[in-house]
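Dear colleague,

I am handing over the structure shown below, and after it I set out what was found there. Please read the notes with the structure open beside you.

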Amino acid sequence: MKAPVRVAVTGAAGQISYSLLFRIAAGEMLGEDQPIILQLLEISPALEALNGTVMELEDCAFPLVSKIIQTDDPNIAFKDAEFCILVGARPRGPGMERSDLLEANAQIFSIQGKAISDNADSNVKVLVVGNPANTNALIACRNAPNLKPSQFTAMTRLDHNRAIAQLAQKCGYHNSDVSGLIIWGNHSATQYPDIHHCTVAGQPATDLVEVSWIVENFIPTVQQRGAAIIKARGLSSAASAANAAIEHMRDWVNGTNGGMVSMGIYSDGCYGVEEGLVFSFPVICEGGSYSVVQGLPINDLSQKLIKKTEVELKEEKEGVSALLP
Ligand code: NAD
Ligand code: LMR
């Protein structure tokens with residue numbers, strides 16, 4: 001049996017965690033042979049609710065769960081953690097944009113970035129889910145002087161999966177027939193879901209759909225899917241977000257077998273995107289790390305849309321400059 005690894009999850013009493021924790025505990029993220037210690041962080045008023053979730057985790061008698069720690073202290077939650085999933089943050093309600101949450105949530109990520117830097121394993125992998133996820137990841141990263149920027153990522157995998165589902169439905173194929181999809185930029189209404197490098201059952205996606213469908217239907221549907229779910233459910237997406245978090249971490253650890261996925265990562269300036277933003281790029285994961293797929297041809301439409309989401313991220317970054325040491 002392998003030695004247990006420590007997985008920290010914040011916002012552990014919330015909606016997303018109610019789906020996420022049980023799937024991590026069942027081995028869906030790190031494998032069915034990997035024991036885990038769950039280190040669960042909540043704010044003090046939610047500790048009682050967290051205890052309810054923990055009672056349910058206990059009642060599953062998961063063979064892989066060695067220990068569960070519940071705390072309201074980030075220094076305890078992140079101690080020696082090899083994986084940190086930062087979910088804990090306020091969700092938006094109807095009529096809000098995700099960037100409206102910056103003021104409420106940004107501070108959380110400066111405190112937690114520092115606590116991760118001070119306490120976590122030096123090879124920790126961090127995924128930020130709490131919105132606005134890209135800029136929160138940037139804040140956490142910039143407050144973590146002991147760690148590399150590449151250790152901090154933001155979740156655009158839900159957008160990636162949403163785009164695959166929309167395209168597969170439109171083309172009359174299965175989700176598994178779609179490959180090469182890219183989400184560029186921010187997890188926001190400016191994100192750019194790009195099908196120009198995509199195939200559906202081996203055929204170029206752009207041969208199967210009209211440009212007018214891409215521009216008028218596909219892109220806005222993916223950009224607005226989170227808002228559509230909030231409108232329908234009265235709450236933001238939870239199970240699909242948890243699923244995306246599992247897939248993001250699983251692929252980062254186990255690799256993508258040459259396949260391309262989307263991850264929000266610290267930009268090094270590739271594709272002309274300003275260095276030092278957390279921006280979603282096409283990546284391939286291998287050997288526990290990711291690398292950007294380089295050299296893809298970018299047409300004028302794509303260039304324009306990539307620029308637009310970059311501009312939004314620059315503005316968000318400026319808005320939180322006080323939290324970026
Ligand atoms: P929720 O309100 O159900 O749960 C959030 C939990 O975080 C609450 O239990 C709250 O007490 C806790 N929390 C707040 N501040 C905290 C802190 N400082 N430390 C630890 N815990 C803290 O919300 P949810 O539906 O689980 O969503 C969580 C976040 O994820 C929201 O910001 C939401 O917008 C975001 N989200 C992102 C994506 C994505 O694709 N990136 C998808 C869905 C939701
Ligand atoms: C989503 O994309 O579903 C989440 O980011 C929640 C939201 O605010 O849209």
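In what order do the three strands of the open sheet stand, and is their pairing parallel or antiparallel? The order is β7-β10-β11, and the pairing is antiparallel, where strands are DSSP runs of E with at least two residues, helices are runs of H or I with at least four, and both are numbered from the N terminus. Two strands are taken to pair if DSSP finds at least two bridges between them. β7 (178-179) and β11 (203-204) are the edge strands, each having a single partner, so one side of each is left without a neighbour in the sheet.

Before going further, please note that this is a predicted model, in which local features need pLDDT of at least 70 and side-chain atom pairs count only at pLDDT 80 or more, while totals for chains, interfaces and linings use all residues. Residues are numbered from 1 along each chain as its sequence is written, chains are lettered from A and ligands numbered from 1 in the order in which they are written, and side-chain values use heavy atoms, with hydrogens and water left out.

To return to the sheet, strand β10 (residues 199-200) is joined to β11 by two bridges, and the two strands run antiparallel; T199 has P204 of β11 as its bridge partner. The loop between β10 and β11 holds A201, a residue that is not a glycine and yet has a positive phi of about 50°.

Ligand 1 has 26 residues around it, of which Q15, E42, R90, V129 and N131 come nearest; a residue is counted as near when one of its heavy atoms lies within 4 Å. By class, this shell contains 14 nonpolar, 10 polar and two charged residues, with Ala, Val, Leu, Ile, Met, Phe, Trp, Tyr, Cys and Pro counted as nonpolar, Asp, Glu, Lys and Arg as charged, and the others, Gly among them, as polar. Polar backbone atoms make contacts here (pairs of N or O atoms within 3.5 Å): that of R90 is 2.9 Å from an oxygen atom of ligand 1, and that of V129 is 3.2 Å from a nitrogen atom of ligand 1. Taken alone, ligand 1 exposes 870 Å², of which the protein buries 86%, the areas coming from the Shrake-Rupley method with a 1.4 Å probe. The elements giving two or more residues to the shell around ligand 1 are α1 (15-25) and α4 (102-119).

The residues around ligand 2 are R92, R98, N131, R162, H187, G226, I230, S236 and S237, a shell of one nonpolar, five polar and three charged residues. Which distances separate oxygen atoms of ligand 2 from polar side-chain atoms of N131, R162 and H187? For N131 the distance is 2.8 Å, for the side chain of R162 it is 2.7 Å, and for that of H187 it is 2.6 Å. Ligand 2 on its own exposes 260 Å², and the protein buries 94% of that.

N131, which belongs to the shell of ligand 2, is also joined to P132 by a cis peptide bond with omega of about -5°. P132 itself lies in the loop between β5 (125-128) and α5 (133-142).

With kind regards

Conventions
A polar contact is a pair of N or O atoms within 3.5 Å; within protein, one must be able to donate a hydrogen and the other to accept it, and residues adjacent in sequence count only if both atoms are side-chain atoms.
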